[in-house]
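Colleague: I would like to learn how to read a model like this one, feature by feature. Could we begin with the strands?

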Amino acid sequence: MNHLEPASQSRQQQIFTVTRLNSAVRMILEQDLGLVWLTGELSNLAMPSSGHWYFSLKDMSAQVRCAMFKGNNRRVPFRPQDGMQVLVQARVSLYEPRGDYQLIIESMQPAGDGMLALRFEELKRRLGAEGLFDEGRKRPLPREPRAVGLVTSATGAALHDMLTVLERRAPDLPVFIYPTQVQGSAATAQIVSAIMLANRRAEVDVLIVGRGGGSLEDLWCFNEEAVARAIAGSAIPVVSAVGHEVDVTISDFAADLRAPTPSAAAELVAPDRSTRAQRLVHLRQRLTQAMSRHQVAARHGFVLLQKRLDHQDPKRRLEQQSQRLDELDRRLQQYLRDRLHQGERRLAGLVMRLQAKSPEKLLAIGKRRHQLAEERLHALIAKRQDLARHRLAMLGARLDGISPLATLGRGYAIVRTPSGEVIRRASQVNAGQTLITTLSEGVLRVRVDEVDNR
C-alpha cells in the first residue's frame, strides 16, 4: 500500500487544467526561445481600430500567426501591405484563450539589408553553437613576434596605415604581405587562400586580416562562413581588423583577437620598445576580456531578469486582454452577420410561403381547377351519353330480334284464351270455345268449330 501512494500522488500532480497548460507552454516558449529574427511574406494583414496589427508571416511551405501591438508598430517607418517581404524581431509566444502558437512582433523592417543582418545572426548563432567563438580556444598573441603577416588589399588605405604604425613601433620587424581582394564575390575565396598560404609557408608568427571601413555589403566577405572557418583553423594566431570600431563581423568572433581598426591591429601585434607600453597593452587586453566576460554575464543576468519581469508585466497582460477583445469583437461581428443572413433567408422563405397562400393566387388556382373539372364533367357526360346511345341501340336491335311483334309482322298470330293463356297445342282448346287472336295489326275473337289433335 505504501508503494502505491507515491505513484498515485505523482499522477495527481500531473493533472493540468487547460488554462494552466496553455500558461505553462507560453512560459516555456518565451523563456527558451526569447527573441528571434525571421523573414517572410506578409499576408492576411488586419489593422482594427484598437491600433494593433494582426497578420501571418509565411514562406513557400509554412506560415505563423503574428501580433504587433500599437506600442511597437508606431516605430515602423513604412506602411506594411500584404505580399511585402519583411524582416522581423519577435517573441515566440502562445495566445492562451485559443491555444494558438503565435509571434509577438517587436520590430519590423523591409527585407534587403535586413536579410544580410539575418544571415549574420544565423551564421553567428550556428558557429557559436559549434564552439568556434569560445574564448577557451583563442590563443594569446606572441609578445615578441619574429614576423607579421598582413592579409589585405595591396592598394587599400588599410595597408598604408598598418605599415606606417609598424614602421613607427617596430621598424626592424619583418612584414609579409598576402595581397587579396577585400570586397566583392571573389574576395571570399582569395582571403581563404591567403590565410592557407601563410600557414603553409609558416614564415610569420601572427596574421592581421582586415580592411578599411565600408557598408555592410562592402564588408560582407568577412561575414562568410568559409573565411570564419579559415581564421578559426589557422595555426597562426589571427587578429581581425575589419572596418571601423563600430563595425562587427563574423571574422571578429572567429579570430583570436579583434582590433577596432587596422591601425589598432598593427599596434597590438608590434612590440613596443618600452616594457611599460607592453605591460599596458597586456593589461588592456586582459581588462577588455574581463569586461567582455563581465558584460556577457551581466547581459545574461539582465535577460533573465527581463524575462521574469515580462511574465509579470502589466503591459503583457494588457496586450493579451486587448488581443482577446479584438478576437471577441471579430467573433461578435461575424455572429451578427450570420444572424442577419439567417433572418434575411427566413424572411425570403416567409414571403414565398405568403405568396403561395395568397387568396388571389388560391382563387385563380380554384378557378382553374373548377374549369378543368367542368370540362372533364362535360366530356364524361358526353361519353356516357354516347355509350348509353350505343347500348340502347344494341339492346333495341336485340329486342327487335326477339320481339313477338316482329314475328307477327311476318304473318304469324298469337292465340290466347280469354284468360290470357297462350294456346300452343290443339288439346288446350275445346270446340265452341272463344279465343283471342293477336295479329300484327289488330285482334280477332274467333270461335272454334272443330278440334283436330293430330
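Modeller: Two strands pair if DSSP finds at least two bridges between them, and strands (E, at least two residues) and helices (H or I, at least four) are DSSP runs numbered from the N terminus. This is a predicted model, in which local features need pLDDT of at least 70 and side-chain atom pairs count only at pLDDT 80 or more, while totals for chains, interfaces and linings use all residues. Residues are numbered from 1 along each chain as its sequence is written, and side-chain values use heavy atoms, with hydrogens and water left out.

Colleague: Which residue in β5 stands opposite glutamine 89?

Modeller: The residue opposite glutamine 89 is serine 107. Strands β4 and β5 (residues 100–110) run antiparallel and are joined by ten bridges, and they form a hairpin with four residues between them, where glycine 99 in the turn has a positive phi of about 70°. Strand β4 also pairs with β1 (residues 35–46), in the antiparallel sense over seven bridges, and there leucine 35 has arginine 91 of β4 as its bridge partner.

Colleague: Is strand β4 mostly covered or mostly open?

Modeller: Buried means under 20% relative accessible area, exposed over 50%, and partly exposed in between, with a 1.4 Å probe and protein chains only. Strand β4 (residues 85–95) is mostly covered, since nine of its eleven residues are buried.

Colleague: How should I read a helix, and which residues of α5 are buried?

Modeller: An α-helix has 3.6 residues a turn, so residues three or four places apart point the same way. In α5, the buried residues are Ala158, Leu159, Met162, Val165, Leu166 and Arg169. Seen down the axis of α5, these buried residues fall within an arc of 135°, taken from the directions from the helix axis to the C-beta atoms, so they line one face of the helix. The face turned away from that buried side carries the exposed residues Ala157, His160, Glu167 and Arg168.

Colleague: What about the aromatic rings: how many pairs are there?

Modeller: A pair of aromatic rings is described by the distance of the centres and the angle of the planes. Rings of Phe, Tyr and Trp (its six-membered ring) pair if their centres lie within 6.5 Å, and planes under 30 degrees apart count as stacked, over 60 as edge-to-face and the rest as tilted. By this rule the count comes to one aromatic pair: phenylalanine 133 and phenylalanine 253 are tilted, at 5.5 Å centre to centre and 35° between the planes. The pair links distant parts of the chain, 120 residues apart, with phenylalanine 133 in the loop between α4 and β6 and phenylalanine 253 in helix α8.
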